[in-house]
Amino acid sequence: MNLDKINEIIEKSQGFEANTGMEFISTPGSDTCVAKMHVDKRNMQPFGYLSGGAILALAESLAGAGSCSLCPGCKCMGINVNANHVHSAKEGETVTATGHLIHQGKQTHVWRIDVTNEAGQLVSTVNVTNFVKPL
């Protein structure tokens with residue numbers, strides 16, 4: 001999945017994704033996408049661990065990027081996000097989010113996003129449902 005256009009938009013906007021350190025990576029598969037995020041003061045809790053809210057934001061942003069790549073000319077918005085946090089990521093680590101498209105309908109996409117730490121341990125698994133609407 002080519003995320004180059006998404007990265008260009010993020011770089012120009014300097015919005016939420018750029019300010020929290022998200023980096024989107026193109027993949028060869030058409031139903032997978034990847035993002036990375038360094039754990040630092042922009043996205044961690046006061047205890048030095050990646051915030052669960054930051055994980056949800058990373059997952060929803062990645063699923064949105066994936067849906068937008070699949071449907072040029074559409075706006076894609078998360079309408080449901082749920083997660084299980086099973087491990088942690090510490091300050092200084094980089095987490096990797098890997099998205100797998102589970103369902104691609106005309107108006108909804110469902111993604112499963114697995115977030116892992118540098119040791120390869122599952123930190124969170126997140127399900128995201130996007131609403132897809134033509135511009």
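I began with L135, which is exposed, with a relative accessible area of 78% (exposed means over 50%, buried under 20% and partly exposed in between, with a 1.4 Å probe and protein chains only). The model is predicted, so I took local features only at pLDDT of at least 70 and side-chain atom pairs only at pLDDT 80 or more, while totals for chains, interfaces and linings use all residues. Residues are numbered from 1 along each chain as its sequence is written, and side-chain values use heavy atoms, with hydrogens and water left out.

I placed L135 in the segment after β6 (strands are DSSP runs of E, at least two residues, and helices runs of H or I, at least four, numbered from the N terminus). Setting aside neighbours within four places in sequence, I found L135 in contact with G73, C74 and K75 (contact means heavy atoms within 4.5 Å). From L135 to C74 I noted 5.0 Å between C-alpha atoms, at 61 residues apart in sequence.

Next I looked up the sheet. It is open, with six strands in the order β1-β2-β4-β5-β6-β3 and antiparallel pairing (two strands pair if DSSP finds at least two bridges between them). β1 (22–25) and β3 (74–85) are at the edges with a single partner strand each, so one side of each lacks a neighbour in the sheet. Neighbouring strands are turned by 25 degrees against each other on average, direction ignored (axes are lines fitted to C-alpha atoms, for helices over the stretch in contact, with angles from 0 to 180 degrees between N-to-C directions).

I then checked β4 (residues 94–104) against β5 (residues 108–116): the two pair in the antiparallel sense over eight bridges. T98 has D114 in β5 as its bridge partner.
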